[in-house]
Amino acid sequence: MYPDLFHLPEWLPVVGGAVITSFGVMMLAAFVTAGYVLKCEMERQGHDADKAWDLLFWAVIGGIAGARIYYVLLNYSRLEADPLGMILSRGGMVWYGGLILAGALVLRRIHTSGLPMGRTIDAAAPALALAYAVGRVGCFLVGDDYGRPTDSWVGIAFPDGKPPTTATNLAGQFGVAIDPAMVEKYGEVLPVHPTQLYETAISTVVFLVLWALRRHRHRPGWLFALWLALAGAQRFFVEIFRAKDDRFFGSLTLAQAISAILIGVGVAWMMKLRPAGKRR
């Protein structure tokens with residue numbers, strides 16, 4: 001793990017001595033990746049490619065703010081105990097929160113800029129998939145969003161994770177049942193499923209599928225609907241292995257509940273946007 005890449009020189013005004021984190025760098029890389037892929041697709045479609053960066057600006061604003069708001073609301077008890085510290089802390093970013101607010105701002109910007117809605121969100125689908133794959137590498141580098149303990153060959157320990165993958169943290173913070181045999185074998189720091197890498201791998205495959213289908217013959221918006229369904233299925237699957245403390249729906253996590261909704265909306269939308277003959 002490489003949570004901190006380097007510190008800025010002390011002589012720099014205002015930001016001198018600030019740490020540059022791997023998560024921040026990968027988040028920046030994810031947004032730039034999304035902007036580049038979106039630009040390429042908008043250019044292929046014959047639209048003003050420079051508008052991709054305008055849409056990216058609103059995606060950045062909504063993505064960061066939404067991810068933060070979702071995290072704060074999800075951890076309301078901690079917000080009550082330390083409101084300022086909770087709001088201003090550097091940790092805590094939730095993908096679905098960012099997706100919801102960024103989506104709302106970007107859709108509004110597409111509408112006000114006169115771009116065709118269906119074709120533009122189709123262009124955004126591969127960009128979203130690849131950006132998500134890049135961003136999850138940042139989670140891996142800082143040791144965040146990992147999975148449950150595993151004794152398999154894929155297991156990776158995060159001794160300096162956020163938080164570390166100790167038996168105490170996994171049981172206390174995430175409610176994970178710890179096998180005493182694993183503690184006896186590995187000690188206090190346990191190997192866990194690297195779910196960040198699972199998501200990176202799956203989302204890369206999703207990107208390749210969407211990229212191959214970007215010239216589809218369905219009505220505009222169909223590719224974005226396919227991304228919704230695939231992204232929801234991907235997250236639902238990976239949540240099975242995640243160490244989570246938000247299983248509010250029986251054995252399902254909140255993310256799985258949202259994923260199920262996305263899958264349903266995506267599939268229904270895809271069926272609606274198929275040509276009339278194929279729908280029959």
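Trainee: What share of the contacts in the chain with a separation of 6 or more comes from residues 24 or more positions apart?
Mentor: Such residues account for 67% of those contacts. Keep in mind that the model is predicted. A contact here needs heavy atoms within 4.5 Å.

Trainee: What does the secondary structure of the chain come to, and how much of the chain is buried?
Mentor: The chain has 12 helices and 4 strands. Of its 280 residues, 44% are buried.

Trainee: Why is Thr-165 called buried?
Mentor: Buried means under 20% relative accessible area. Thr-165 has 0% relative accessibility, so Thr-165 counts as buried. Its place is in the loop between strand S3 (156-157) and helix H7 (167-172).

Trainee: Which residues does Thr-165 contact, leaving aside neighbours within four places in sequence?
Mentor: Among them are Tyr-146, Ala-157, Pro-159, Leu-170 and Glu-188. Val-189, Leu-190 and Val-192 are also in contact with Thr-165.

Trainee: Why is Leu-230 called partly exposed?
Mentor: The class runs between the buried limit, under 20%, and the exposed limit, over 50%. Leu-230 has a relative accessible area of 28%, so it is partly exposed. Leu-230 sits in helix H10, and its C-alpha is 10.0 Å from that of Phe-207, 23 residues apart in sequence.

Trainee: What makes H10 mostly covered?
Mentor: Of the 18 residues in H10, 14 are buried. From first C-alpha to last, H10 reaches 26 Å, close to the 26 Å expected at 1.5 Å a residue.

Trainee: How do you know where empty space is left?
Mentor: Rolling a probe the size of a water molecule over the atoms shows it. In this model the count comes to 1 cavity of 30 Å³ or more. About 110 Å³ of space lies in the largest cavity. It is lined by 16 residues, and the closest to its centre are Trp-95, Tyr-132, Trp-227, Ala-231 and Gln-234.

Trainee: Which helix gives the most to the lining of the largest cavity, and what classes of residue are found there?
Mentor: H10 gives the most, with 6 residues. Helices H5 (95-113), H6 (117-142), H9 (195-212) and H10 (222-239) each supply at least two. By class, the lining has 11 nonpolar, 3 polar and 2 charged residues.

Trainee: How does the lining of the second largest pocket divide by class?
Mentor: That lining has 2 nonpolar, 3 polar and 7 charged residues. The charged class takes in Asp, Glu, Lys and Arg, and the lining includes Glu-41, Arg-44, Arg-119 and Asp-122. The pocket holds about 160 Å³ of space. Helix H1 (22-45) supplies the largest share of its lining, 3 residues.

Trainee: Where is Leu-130, and which residues does it touch beyond four places in sequence?
Mentor: Leu-130 is in helix H6. It touches Thr-33, Val-37 and Phe-207.

Definitions and conventions. Residues numbered from 1 in each chain as written. Predicted model: local features only at pLDDT ≥ 70, side-chain atom pairs only at ≥ 80, totals over all residues. Heavy atoms only, no water. 1 Å grid on protein atoms, 1.4 Å probe; cavity = no way out; pocket = protein on both sides within 12 Å on 5 of 7 lines; lining within 4 Å. Points joined across faces, edges and corners; volume = space filled by probe spheres on them. Buried < 20%, exposed > 50% of the residue type's maximum accessible area, 1.4 Å probe, protein only. Expected span 1.5 Å × (residues − 1).
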